[in-house]
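My entries follow, in the order in which I checked things.

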Amino acid sequence: MIIIGGILQENPFFVPPDEFLRELRAREATRSAASK
Amino acid sequence: MKSINETAGSKEASNSAMPNNAMGEQPIQFAGSTLGAYRHICAFFHTPDEEYSVLLPFIKEGFERGEKGFHIVDPRLRGEHIRRLESAGIDVKAAETSGQFQLRNWEDAYLRDGHFDQDKMLALIEEVLDSGQREGFPLTRLVAHMEWALEDRPGVNDLVEYETRLNYILPRYKDPVI
């Protein structure tokens, strides 16, 4: 949930934690490979 | 995804997969709506006045119901936070003395040992919510100011992962976390 402008609403950008953490790990791996 | 305004004839938030009456508790009013089952809320405010106009009724409702309040604040704004609570008629000193209220600075929560450690912070959140139950409070209303995340603090890059991992923990609790 999110409050913007004093109004409570569902977070339109919400991603389930499993999916989000997978994406995060993938981004970290890409960044790490690029810096080598 | 439905917006809260789509709930016909009611202001109850559409996240109410588990209706409040089924949870055996009084409805929780927040920002013009009634909280449903999902109670991890990220709040953005333009000004402190806007912030407290939204937060104070929610905070006060909890105190009036005998619930616990656990707040985390910028140490530079600790006095101002207390003044705002008192302006709403909350007896901060009495609530602290009775154990109903705990106020911590960032350095005693998010930034212990001078940096953000997501594992330690997740453990602290669980401990706070568990201890509220152990102490016999029907709910803990946790309000945490996060402006430190806008500063160049060690560990701040782990914040997004922390907030995501919090979404594994908080569904086990009915306590609202703002």
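I count a residue as buried if 20 or more other C-beta atoms lie within 10 Å of its own, as exposed if 12 or fewer do, and as partly exposed in between, with C-beta atoms placed from the backbone. Helices (H or I, at least four residues) and strands (E, at least two) are DSSP runs, numbered from the N terminus.

I note that the model is predicted: local features need pLDDT of at least 70, side-chain atom pairs count only at pLDDT 80 or more, and totals for chains, interfaces and linings use all residues. Residues are numbered from 1 along each chain as its sequence is written, while chains are lettered from A and ligands numbered from 1 in the order in which they are written.

Entry: confidence. pLDDT is the predictor's confidence in each residue, from 0 to 100. Chain B averages 89, and 87% of its residues score at least 70. Over residues 1-22 of chain B the pLDDT is below 50, and beyond near neighbours in sequence I find 40 contacts for this stretch in the model. A contact means that the C-beta atoms of two residues, placed from the backbone, lie within 7 Å. For the complex, the predictor gives an ipTM of 0.76 and a pTM of 0.85.

Entry: helix 4 of chain B. Which residues of this helix are buried? I find B:M121, B:I125, B:V128, B:L129 and B:G132. The buried residues pack against strand 4 (68-73), strand 6 (140-144) and helix 5 (159-169) of chain B. Just after the helix, B:G136 takes a positive phi of about 95°.

Entry: the sheet. I read an open sheet of three strands in chain B, order 5-4-6, with parallel pairing; two strands pair if DSSP finds at least two bridges between them. Strand 5 (101-105) and strand 6 of chain B stand at the edges with a single partner strand each, so one side of each lacks a neighbour in the sheet. Five bridges join strand 4 to strand 6 of chain B. B:K68 stands opposite B:T140 in strand 6 of chain B.
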